[in-house]
Amino acid sequence: MNDEKKSILKLLDEKTIKDSSIPSNYLLGKELFDNNNIEITEFSDEKVTAIVHGVINRKVEFILNENFVNWKCTCRLKQNKYCKHAVAVGLEIIRRK
Ligand SMILES: [Zn+2]
């Protein structure tokens, strides 16, 4: 294994997820994670996709872009801070560390 190789798993940690979200969404996301509502459907160094199960299922994607992890979620079109679904999936990802 090449230590230089970047991966979503290496770049994400709890602090990054906290810093990337507003506190209320962090707590809501943690709740989703604690309730095992996350289904990872693809997991690689460069891309993670997951379904967050709920009243409306949401699809979250994390994509590695150089030194950053970009993300998107079907609950909103574009935003800077993680939505609660991205928080939940992020926590599910780092659980695999
Ligand atoms: Zn979302």
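This is a predicted model: local features need pLDDT of at least 70, side-chain atom pairs count only at pLDDT 80 or more; totals for chains, interfaces and linings use all residues.

Q: Over how many bridges do β3 and β4 pair, and in which sense?
A: Strands of a sheet pair through backbone hydrogen bonds, either parallel or antiparallel. Two strands count as paired if DSSP finds at least two bridges between them. Here β3 and β4 pair in the antiparallel sense over 6 bridges.

Q: Which elements does the protein have, in order from the N terminus?
A: Helices are DSSP runs of H or I with at least four residues, strands are runs of E with at least two, and both are numbered from the N terminus. The protein has 4 helices and 4 strands, in the order α-α-α-β-β-β-β-α.

Q: What is the strand order in the sheet?
A: The sheet is open, with 4 strands in the order β1-β2-β3-β4 and antiparallel pairing. Its edge strands are β1 and β4 (68-73), each of which pairs on one side only. Neighbouring strands are turned by 20° against each other on average, direction ignored; the axes are lines fitted to C-alpha atoms, for helices over the stretch in contact, and angles run from 0 to 180 degrees between N-to-C directions.

Q: What joins β1 to β2?
A: A hairpin does, through 3 residues. Strands β1 (residues 38-43) and β2 (residues 47-52) pair in the antiparallel sense over 5 bridges. Phe 43 has Val 48 in β2 as its bridge partner.

Q: Is Phe 62 buried or exposed?
A: A residue is buried if 20 or more other C-beta atoms lie within 10 Å of its own, exposed if 12 or fewer, and partly exposed in between, with C-beta atoms placed from the backbone. Phe 62 lies in strand β3 (residues 58-65), and it is buried because 24 other C-beta atoms lie within 10 Å.

Q: Which residues does Phe 62 touch, not counting those up to four places away in sequence?
A: Two residues are in contact if their C-beta atoms, placed from the backbone, lie within 7 Å. Phe 62 touches Ile 8, Val 48, Val 69, Trp 71, Val 89 and Ile 93.

Q: Which residues of α3 are buried, and which are exposed on the other side?
A: An α-helix has 3.6 residues a turn, so residues three or four places apart point the same way. In α3, Tyr 26, Gly 29 and Leu 32 are buried. They cover an arc of only 125° around the axis, which puts them on the same side of α3; the arc is that of the directions from the helix axis to the C-beta atoms. On the other side of α3, Pro 23, Ser 24, Leu 27 and Asp 34 are exposed.

Q: What do the buried residues of α3 pack against?
A: They pack against α2 (14-19), β1, β2 and α4 (84-94). Just after α3, Asn 36 takes a positive phi of about 55°.

Q: What share of the residues of the protein counts as buried?
A: Of its 97 residues, 29% count as buried. Among contacts with a separation of 6 or more, 56% are between residues 24 or more positions apart.

Methods:
Residues are numbered from 1 along each chain as its sequence is written.
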